[in-house]
Amino acid sequence: MQRDDSWSDDTWLVAGGRPEAAGEPLNQPIVAASNFDLGAADDPDVTPGRIYSRGEATAGWDALESVVGGLEGADCVSFASGMAAVSAVFAQVPTGGRIVMPADCYQATEGVAAAGEADGRWSITRIDTDDTDGWLDAVGDVDLIWVESPSNPLMHVADLHAIVAAERRPGSLLAVDNTFATALRQRPLDLGADLSVQSATKFIGGHSDLLAGVVTTRRDDLAAALRRLRVIHGGTPGALETFLATRGIRTMALRLERGQASAQVLAERLADHPAVARVRYPGLPDDPGHVIAAAQMSGFGSVLSFELASFDAARTACRRVRLIRHATSLGGVESTMEQRAVLAGQEDIPPGLIRLSVGIESVDDLWRDLDAAISP
Ligand SMILES: *Cc1c(COP(=O)(O)O)cnc(C)c1O
């Protein structure tokens, strides 16, 4: 299905990626096949469109890529997980190349970067997400500029307009991890990035029932390079996962609208709560990232962090919540919260910090649960 120019994003998310011929099902069915028939010996003109699923995929994979790509007017390459997508982008860096990336990055992305650094594969400069001057000093002579905004879990905001406008070497790549904002709230490609990466495990899937990742780009050479790498490395998404992700994305606009409205309410109530030392949510007018976020996002999303007085207070609160699930990850219909300092590699995170992903439950039910969990 081609996107009609008059259609809003919300409409496209529902209409895109569906079979159209009479008699076809409305939803692209799950095709459970690793290989396809190559044609009969006496039929030399038959050129099968698909040969093997790692290379040519099934139609479900095409449907997901069509919906996600159509949202941004870009080509989409889907992967088996967000990290397969992240790794495919890092793999574009030439041997001996240079990378600039956030000091406060998603921890598995930092893991990929650090592993390549330890192997002598590339060198890395790390800049605090919100240190705009630091970015402007660092981006001039590198091969990959990797930005994540808002950042996980500190909710720092990078000035994407400034970073994209900075002079950089021809051939360098600028990629944004857009998982927290999603393409509905932030358009890195429109701002001038070469690549936008999302863990589809989060808001695109939206139901905490799959792992997948997507990269969008408007550059044919990059899309082709990512597809080549996907075939070789085998980071291909499964048939069930692409079906679930396509089904999930149908409601992404509604889920995000509700989650974001509730996140704003919860952030304001938490900011007034005596047990809370600090709330980190760019939707709060006095948040350090608010002004920049407002200039580059069409909404502030549905993830926030807040800090309680101590490590133990945060641990107790996470164990006390009933409706909000004490679990990692984010972007599901169900609200989840987690203390970050307990995780390996997150020792620098404030000990009392809790990341909260706000789902679609009633905001008053969420607040009662949260208030009871954090109150002494
Ligand atoms: C979850 C996440 C990833 C990795 O995605 P997976 O699907 O878990 O592999 C990358 N970046 C960010 C910001 C994430 O939240």
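Colleague: What makes strand β1 and β7 a pair, and in which sense do they run?

Modeller: Two strands pair if DSSP finds at least two bridges between them. Strand β1 (residues 75–79) and β7 have five bridges, in the antiparallel sense. One spot to look at is Ser78, which stands opposite Val214 in β7. Do keep in mind that this is a predicted model, where local features need pLDDT of at least 70, side-chain atom pairs count only at pLDDT 80 or more, and totals for chains, interfaces and linings use all residues. Residues are numbered from 1 along each chain as its sequence is written, and side-chain values use heavy atoms, with hydrogens and water left out.

Colleague: Which residue stands opposite Gly213 in β7?

Modeller: That is Ser199. Strand β6 (residues 195–199) also pairs with β7 in the antiparallel sense, over five bridges.

Colleague: Why is strand β7 called largely enclosed?

Modeller: Buried means under 20% relative accessible area, exposed over 50%, and partly exposed in between (1.4 Å probe, protein chains only). Five of the five residues of β7 (residues 213–217) are buried, so the rest of the structure largely encloses the strand. Gly213, Val215 and Thr217 point one way, Val214 and Thr216 the other way.

Colleague: Why does Ile51 count as partly exposed?

Modeller: Its relative accessibility is 42%, so Ile51 counts as partly exposed. You can find Ile51 in the loop between α1 (9–15) and α2 (53–56).

Colleague: How do you know that α3 is mostly covered?

Modeller: Of its 14 residues, 10 are buried, including Trp61, Leu64 and Val68.

Conventions
Helices (H or I, at least four residues) and strands (E, at least two) are DSSP runs, numbered from the N terminus.
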